[in-house]
Amino acid sequence: MFTFILKRLAIAIPTLLLLIVISFLLMHSAPGGPFTAERELPPQVLANLNAKYGLDQPLWRQITTYVWGIVAHFDFGPSFVYKDRTVNQIIAQGFPITLTYGLISFAVAVIFGVSLGVAAAIRHNSLLDYIAVGVSIGAQVLPNFVMAPILVLIFTLWLGVLPGGGWQGPEYWIMPVIALSTSFMASIARITRSSMLEVLTSNHIRTARAKGLPERRVILRHALKPALLPVISYLGPAFVAMITGSVVVDIYFSTGGIGKAFVDSALNRDYAVMMGVTILVGALTIFFTLVVDILYGWIDPKIRY
Amino acid sequence: MVATTENSVATKAVAKGRSPWADARRRFWRNKAAMMGLFILIAVAAFAIFGGWAAQWSNEELDYNVMGQIAELGGPSFANGHYFGTDDLGRDLFARTVQGTQISLAVGVIGAIIACVVGTLYGATAGYFGGRIDGIMMRTVDILMAVPYMFVLILLLVMYGRSITILFVGIGLISWMEMSRIVRGQTLSLKGREYVEAARATGVSAPLIILRHIVPNLAGVIAVYATLLVPLMILTESFISFLGLGVQEPMTSLGALISEGAGTIAYGTTWQLGFPLLFFCLTLFGFFFVGDGLRDALDPKDR
């Protein structure tokens, strides 16, 4: 197990470094520098600015400084647009919010998705099963940016029960969480259902039933664990897609998470903030993939890489 | 002599061979969900191609009669020729939806083609050569999979101007990895077959074997995943356009239209969200159903 974790780390760390270097090169090759303004700056001022931000150094030096800043001090450097704020401050402002509703959505998607999938599989071909299949097919075409306006239309404009945007209390969390989790809940339900159906016909379940175990115990103890394996391997991509989806939530519900910082920086070409968010999200992705891999190896001892 | 000919004719009449493709076709035609999906797709495509002729307004004209009173006068009506109503600027929503559907379908199909070509060639090469080359190529894919693509694509769009070409190519280029994994797996099982061995024995070069003997035998798998890729491409493009970072005015896509509609629902112009949303969902439904049907038909063991 220990060597397995080490092996995964050996892939994860270079991946992260590569991501940082690639996004740095992208930014470096972009047309127009950070101080390209309508008003031409005097050459002396420009030289001073370049010296202050280290832009007069050779490229490899800039890269190593940037990478070292992130790795050693967790420092993404200054923002290009807001002269008085660093990228760290901008990210620190939005990140807790994204994390809050992101984790809630993730938990909701997993708990409801798995429950729905298991229930549908146990009552195969019943009304409940058909409803579950229908919901999971329907929700496939309801990604976050479709759910968000529909929810606002129903709950804010027609029923008037939920606030349409902002971030002040738990009632502000409800719509972002529903918008973000619906399509993933549907996917998880579909995966759980089909793998559960497969597991329920396998020999060890027949043995467990033949032993006279109560059905509850058969399902929870013998069927659920193997049935969850495909679900766990789906969690990695789902996590990435959810972080991406948080951008829509931040914009549409004005929740003020890092997605807002990302789109704002994209619109006013604040490359430093864009890179900071991209690298942060990449790091989270890599970390989460690592956790999923370890979880997978722990649940299924047959897996050896 | 005569007897044997007659005999073989008789056997032919009794057992007419069915090719795997004919089998697959039969399975596909019998699949009700897939047929419904195909019907929806044909309808949506017809709407995108011929809808322009049915429109009474162009997608750029402003209707000054409804301007300023969109919520009261801009709703769907046959009387003034705005079948789907108008948007908040007084442009005909029917014509805009036709245009948006065209762009979304184009992004989906072109993106899927790029992803398929790159993914197939990459995966087939890795699988065919195997060994260390395979190891390096597939580890690279593993590493690339961990990159948060939506963010990188937006980074690219912002840095190099939001041109539709970058959007098309970018969406295709970030989606080939899943495809390459599938193709590699299939290639591994194909490359041990006799006909590949025969080709190799007669001195056919490796690129030619891949193109002429491996890839055609993967056609079924490629077709299935290509169909399933199209809706994902449309989703990606719509996502970016929803954020206002994708296609730019006067061009539009379903995502951009949904975004506009979502921004104006507070003023009571629900149709502006409803119609683009309807076409968006129908398109995705169509592709998902046809893709699933193709998978069941061409790849019956993998469900």
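Here is a short chat about chain A and one of its helix pairs.

Me: Before we start, what kind of model is this, and what pLDDT do local features need?
Reply: It's a predicted model, where local features need pLDDT of at least 70, side-chain atom pairs count only at pLDDT 80 or more, and totals for chains, interfaces and linings use all residues. Residues are numbered from 1 along each chain as its sequence is written, while chains are lettered from A and ligands numbered from 1 in the order in which they are written.

Me: How many helices and strands in chain A?
Reply: There are 12 helices and zero strands in chain A, going by DSSP runs numbered from the N terminus (helices: H or I, at least four residues; strands: E, at least two).

Me: What does the C-alpha trace of chain A span along its principal axes?
Reply: About 85 × 55 × 30 Å.

Me: Now α4(A) and α5(A): at what angle do they pack?
Reply: About 140°, with the axes 8 Å apart; α4 covers residues 87-122 of chain A and α5 residues 127-140. The axes are lines fitted to C-alpha atoms, for helices over the stretch in contact, with angles from 0 to 180 degrees between N-to-C directions.

Me: Which residues meet there?
Reply: From α4(A) it's L116(A), A119(A) and A120(A), and from α5(A) it's L128(A), D129(A), A132(A) and V133(A). Contact here puts C-beta atoms, placed from the backbone, within 7 Å.

Me: And what share of chain A is buried?
Reply: Buried residues are 36% of the 305 in chain A, buried being 20 or more other C-beta atoms within 10 Å of a residue's own, all placed from the backbone.

Me: How much of the contact set is between residues 24 or more positions apart?
Reply: In chain A, 73% of the contacts with a separation of 6 or more.

Key
Contact = placed C-beta atoms within 7 Å. Buried ≥ 20, exposed ≤ 12 C-beta atoms within 10 Å, placed from the backbone.
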